[in-house]
Amino acid sequence: MDLTFNITEDTPQGKFDNSFVITAVCLILISISAVAGNLLVLAAIVIKRNLRTISDLYLANLAVADLMQAALAIPLRATVLLGIRKQQAPVPCSVVIFFTILFGGVSNMSILLVGVDRFIAIKWPFTYHTWLTTKVFVSSVILTWSSMFLFAASPLVGWGRSDNPTLSRTCRFTMTLDRTYVAIGYIFIHGLPLITIVIVYFFILKASFRHSRAIAAQEFSLQSNNSQLKEDSFTREELRTTGCQGHTENFSNSHTEQPHARMRNHVRNTSKTGKGARMIAILIGVFILLVLPIVVIDVVEMWEQPSAPPIVVNIAICLIYANSGVNVFIYAGWNAEYRRNFHRILLSLWKLTVKWFETNQEDS
């Protein structure tokens, strides 16, 4: 396969450009943060048994894709940014683009699956476990990874690679890939998922508001029940003075305690669902904000409009890769169970580090 390229103006020969160095440093920091964060998510799911539901497994699949993007694709792109000399790059852009499309595409599809999973759980809670089984999860994950692998590998075997690829420090899709391939990729990897995610986001947000109103109504109902309990206590006191204590106990058990407990459990469950919906809504919203800039820039350039300034392109590239590391902070901020497990894991690692340091000090 011919891997020769033409040099572009953004590739100064024999010297570094400060903007590309800054971009590479930004990518390295994103890579470190994303690797640590996604490993934390996977560790929490492996260690804690109650974090192995279908919803959590979809989050684990997303964490694996983001982890691979951060551990492999981002460092390779940073290497190209820092290492281009004359007519050769330390890593072919075709390899960088393959891993970027594979892991980035799986990540996009995984976010879509996470949103659809939460949508089904909120919209049809009674049939959720019937529809989203382990078999459905495994099938959807295999389909996602296999389809993205085939699409990402196509340019390596000839289809989708530009006839006149251009060597660029940023390994831009529009400079190394065929326009038709890029268009298909953006439609199916970015376009359709984005449209679907926006629709799912809208319904999840709507359901979240509906749950919030329901919680408020139920809390009001609880307050009314508490007032009724006080009146019932006064009535039982009157009955006790007339010798009807047995009737009072039956009245208390059948009309107050059980409905009161059921109402509290219902409020607790509804509150948990509403928090989960808000977490997924923010997850999807951040995803759109981080992915959209580079998509807009590439689409505009595909129509042979004026190119965006290099600094804008570099910022957009950093943003789309930052999506691989930002998800973990959303989990930690909106899911108390993940947050507790993150704290336990980090505390255990800290204790092991201190113990190891003290042991080495004694040996020396």
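Let me start with a term: a residue counts as buried when its relative accessible area is under 20%, and as exposed when that area is over 50%, with partly exposed in between. The model on the screen is a predicted one.

By that cut-off, helix α2 is mostly covered, with 21 of its 30 residues buried. The helix runs over residues 54-83 and reaches 43 Å from its first C-alpha to its last, close to the expected 44 Å. It also has a kink of about 35 degrees, centred on Ala-70.

Now the whole chain. The protein has 364 residues, and 43% of them are buried. Its secondary structure comes to 10 helices and 2 strands. Reading from the N terminus, the order is β-α-α-α-α-α-β-α-α-α-α-α.

An unreviewed UniProt entry places the feature "transmembrane region" at several spans, among them 20-45 and 180-204. In the model, residues 20-45 are 100% helix, and their end C-alpha atoms lie 37 Å apart. Residues 180-204 are also 100% helix, with 34 Å between the end C-alpha atoms.

Next, the surface. Ile-187, Phe-188, Leu-192, Ile-195, Ile-199, Phe-202 and Phe-203 make a nonpolar patch of about 680 Å². Leu-192 sits in helix α7, residues 179-241. With a relative accessible area of 41%, Leu-192 is partly exposed.

Last, the charged pairs. Side chains of opposite charge can pair when their charged atoms come close. The count here is 3 salt bridges.

Which residue does Asp-117 form a salt bridge with? The partner is Arg-118, and the closest N and O atoms are 3.3 Å apart. Asp-117 is buried at 2% relative accessibility, while Arg-118 is partly exposed at 21%.

Arg-172 and Asp-298 meet in another salt bridge, at 2.6 Å from N to O. Arg-172 lies in the loop between β2 and α6, and Asp-298 lies in helix α8, so the pair ties together parts that are 126 residues apart in sequence. Arg-172 is buried, with a relative accessible area of 6%, and Asp-298 is buried at 2%.

Then there is Arg-340 with Glu-337, where the closest N and O atoms are 2.5 Å apart. Both lie in helix α10, 3 residues apart, about one turn of the helix. An α-helix has 3.6 residues a turn, so residues three or four places apart point the same way. Arg-340 is partly exposed at 40%, whereas Glu-337 counts as buried at 18%.

Key:
Residues numbered from 1 in each chain as written. Predicted model: local features only at pLDDT ≥ 70, side-chain atom pairs only at ≥ 80, totals over all residues. Heavy atoms only, no water. Helix = DSSP H or I, 4+ residues; strand = E, 2+ residues; numbered from the N terminus. Expected span 1.5 Å × (residues − 1). Bend = angle between axes of the 7 residues up to and from the residue. Buried < 20%, exposed > 50% of the residue type's maximum accessible area, 1.4 Å probe, protein only. Patch = residues over 30% accessible without salt bridge, like charges linked within 9 Å, V, L, I, M, F, W, Y side chains within 5 Å. Areas by Shrake-Rupley, 256 points an atom, 1.4 Å probe, with all protein chains shown as cover. Salt bridge = Lys/Arg side-chain N within 4 Å of Asp/Glu carboxyl O. UniProt positions renumbered as here; feature names shortened; annotations may be inferred.
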